[in-house]
Amino acid sequence: MVRTRIGKHATTNRKATKEMIEEVFGRTLTIQVSTRTIDEHGQLSALSTANTTFIGDLQFGRDLDQKMLEMGIVEVGEGVLYIHPTALTTLPNPQDIIVDGSSDWEIIEQIEAPELGGTVCHYSYRCRRRINSGDN
């Protein structure tokens, strides 16, 4: 049996990525996960939400990596959420909401999950600001 060994560079890179997200650029964010229950007629019968606080980096506006716009990965006005694999016990899904202060951002899709040594270094998600959030 062949055993995959995680190289020193992979371990170093994952640690550096975690430090950059959580200690340099990151801030406290909240993810709001909604669970919808549909009845036998296809109608929404119940809606419950659960909030979890975590540290991540939500980039938008001037802080957004311009390469993301140039390559067409995100559109003007959208944002990119970066999280470390250990930040949450369950990965975000499309339609989950990220609360950043008074602004709400809806997760549209996962953009990337680069791996080193067989382990994901970080996850990034394309987000769109919800209308009328943060306008206070």
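The side chain of His-122 makes a polar contact with the side chain of Glu-112, at 3.4 Å. This is a predicted model. His-122 sits in the loop between strand E7 (119-120) and E8. Its relative accessibility is 14%, so His-122 counts as buried; the cut-off for buried is under 20%. Beyond its neighbours within four places in sequence, His-122 is in contact with Thr-17, Ile-21, Tyr-82, Ile-83, Pro-85, Glu-112, Ala-113 and Pro-114.

Now the overall fold. Six strands form a closed barrel in the order E1-E2-E3-E8-E5-E4, with antiparallel pairing. From one strand to the next, the twist averages 45 degrees. Take one pairing in detail. Strands E2 (residues 44-60) and E3 (residues 78-83) run antiparallel and are joined by four bridges. Gln-59 stands opposite Val-80 in E3. Helix H1 (residues 8-25) lies across strand E1 (27-38), E2 and E3. The helix runs at about 90 degrees to E2.

Next, the nonpolar residues. In soluble globular proteins, nonpolar side chains tend to be buried together. The largest nonpolar core here has 14 residues. Phe-54, Leu-58, Leu-81, Ile-83, Ile-98, Tyr-125 and Cys-127 touch the most other members. Elements giving two or more residues to this core are E1, E2, E3, strand E5 (103-112) and strand E8 (123-129). E8 supplies the largest share, three residues. A second, separate core has six residues, among them Ile-21, Leu-64, Met-68 and Val-80.

Ile-98 belongs to the largest core. Leaving out residues up to four places away in sequence, Ile-98 touches Leu-29, Thr-30, Ile-31, Phe-54, Leu-58, Leu-81, Ser-103, Asp-104, Trp-105 and Ile-107.

What does the structure hold in the way of aromatic pairs? It holds one. Phe-60 and Trp-105 form this pair, which is tilted, with 4.9 Å centre to centre and 40 degrees between the planes. Phe-60 lies in strand E2 and Trp-105 in strand E5, so the pair ties together parts 45 residues apart in sequence.

Definitions and conventions: Residues numbered from 1 in each chain as written. Predicted model: local features only at pLDDT ≥ 70, side-chain atom pairs only at ≥ 80, totals over all residues. Heavy atoms only, no water. Pairing = 2+ DSSP bridges. Axes fitted to C-alpha atoms, helices over the stretch in contact; angles between N-to-C directions. Contact = heavy atoms within 4.5 Å. Core = buried A, V, L, I, M, F, W, Y, C linked by side-chain atoms within 4.5 Å. Buried < 20%, exposed > 50% of the residue type's maximum accessible area, 1.4 Å probe, protein only. Phe/Tyr/Trp six-rings, centres within 6.5 Å; stacked < 30°, edge-to-face > 60°. Polar contact = N/O pair within 3.5 Å; in protein donor to acceptor, adjacent residues only side chain to side chain.
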